[in-house]
Amino acid sequence: MAAAATARSGFRRMFSISAFSPPKPATPPPKADPSPNLFVSGLSKRTTTDGLRDAFAKFGEVIHARVVTDRVTGFSKGFGFVRYATVEDAAKGIEGMDGKFLDGWVIFAEYARPRSPQQQDMNSQPQQSWGPPSSSWGAQ
């Protein structure tokens, strides 16, 4: 009888909440420094690059706008980038478009964070071809 009580208390202790440490609170990524580049998220699948450019051109001189699209379907992946001529125009673009509707969806605009060096290295390497291997496997 005493062994069963000891086993039950050990089992209870093993699954009690106090036995586990609480999860660490999530820390949001740091805000990006002001730049003329904006990251725009929350885009509709029907939003086009021209539509994005026209919406943001109301707030300053847009040099470049791009909606990132899926290779297979050609539809928007839900985010894009806008590049203004000046940081001041970019600030006006954020103020004018952040939390506003575009093509029926609420979009969010913020300063784009620069790519990390690791991502830049991965993107600069040539793509691996799917052809036969360069060395002959069975050669002697």
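**Figure 1. The salt bridge between Arg113 and Glu110.** A salt bridge pairs a side-chain nitrogen of Lys or Arg with a carboxyl oxygen of Asp or Glu, within 4 Å. The structure, a predicted model, holds one such bridge. Its partners are Arg113 and Glu110, and the N to O distance is 3.7 Å. That distance counts because the cut-off is 4 Å. Side chains of opposite charge can pair when their charged atoms come close. Arg113 is partly exposed, at 45% relative accessibility. Glu110 is also partly exposed, with a relative accessible area of 32%.

**Figure 2. Overview of the chain and its elements.** The chain has four helices and six strands. Read from the N terminus, the order is α-β-α-β-β-α-β-β-β-α. The chain has 140 residues, and 22% of them count as buried. Take the contacts between residues at least 6 apart in sequence: 60% of these join residues at least 24 apart.

**Figure 3. Phe39, Phe79 and Phe81 as a ring cluster.** Three aromatic pairs turn up in a search of the whole structure. In one of them, the rings of Phe39 and Phe79 have their centres 5.8 Å apart. Their planes meet at 40°, so this pair is tilted. Phe39 belongs to strand β1 and Phe79 to strand β3, so the pair ties together parts that are 40 residues apart in sequence. Phe39 is partly exposed, with 24% relative accessibility. Phe79 is partly exposed too, at 27%. Phe79 also pairs with Phe81. Here the centres are 6.3 Å apart and the planes stand at 90°, an edge-to-face arrangement. Phe81 has a relative accessible area of 32% and is partly exposed. A pair of aromatic rings is described by the distance of the centres and the angle of the planes. Ring pairs link Phe39, Phe79 and Phe81 into a cluster.

**Figure 4. Ser44 in the loop between β1 and α2.** The loop runs between β1 (37-41) and α2 (49-57). Is Ser44 buried or exposed? Ser44 is buried, because its relative accessible area of 5% falls under the 20% limit. The side chain of Ser44 reaches the backbone nitrogen of Arg46 at 3.1 Å. Leaving aside neighbours within four places in sequence, Ser44 is in contact with Ser76, Asp103 and Trp105.

**Figure 5. Asp103 in the loop between β4 and β5.** Asp103 is not a glycine, yet its phi is positive, at about 55°. Asp103 is partly exposed, with a relative accessible area of 44%. Asp103 is one of the residues in contact with Ser44.

**Figure 6. Helix α3 and what covers its buried residues.** The helix spans residues 87-97. Which residues of α3 are buried? They are Asp89, Ala90, Gly93, Ile94, Gly96 and Met97. An α-helix has 3.6 residues a turn, so residues three or four places apart point the same way. The cover over the buried residues includes β1, α2, β3 (76-84) and β6 (108-111). Gly99 follows α3, and its phi is positive, near 80°.

**Figure 7. Ala57 and Asp89 across helices α2 and α3.** Ala57 lies in α2. Ala57 is partly exposed, at 39% relative accessibility. Asp89, by contrast, is among the buried residues of α3. How many residues apart in sequence are Ala57 and Asp89? The two are 32 residues apart. In space, their C-alpha atoms are 9.4 Å apart.

**Figure 8. A nonpolar surface patch of Phe101, Val106 and Phe108.** Together, these residues have about 310 Å² of accessible area. Phe101 is placed in strand β4. Phe101 counts as exposed because its relative accessible area, 61%, is over 50%.

Definitions and conventions
Residues are numbered from 1 along each chain as its sequence is written. This is a predicted model: local features need pLDDT of at least 70, side-chain atom pairs count only at pLDDT 80 or more; totals for chains, interfaces and linings use all residues. Side-chain values use heavy atoms; hydrogens and water are left out. Helices (H or I, at least four residues) and strands (E, at least two) are DSSP runs, numbered from the N terminus. Buried means under 20% relative accessible area, exposed over 50%, partly exposed in between (1.4 Å probe, protein chains only). Contact means heavy atoms within 4.5 Å. A polar contact is a pair of N or O atoms within 3.5 Å; within protein, one must be able to donate a hydrogen and the other to accept it, and residues adjacent in sequence count only if both atoms are side-chain atoms. Patches are made of residues with over 30% relative accessible area and no salt bridge: like charges are joined within 9 Å, nonpolar side chains (Val, Leu, Ile, Met, Phe, Trp, Tyr) within 5 Å. Accessible areas come from the Shrake-Rupley method with a 1.4 Å probe; for residues, only the protein chains shown count as cover. Rings of Phe, Tyr and Trp (its six-membered ring) pair if their centres lie within 6.5 Å; planes under 30 degrees apart count as stacked, over 60 as edge-to-face and the rest as tilted.
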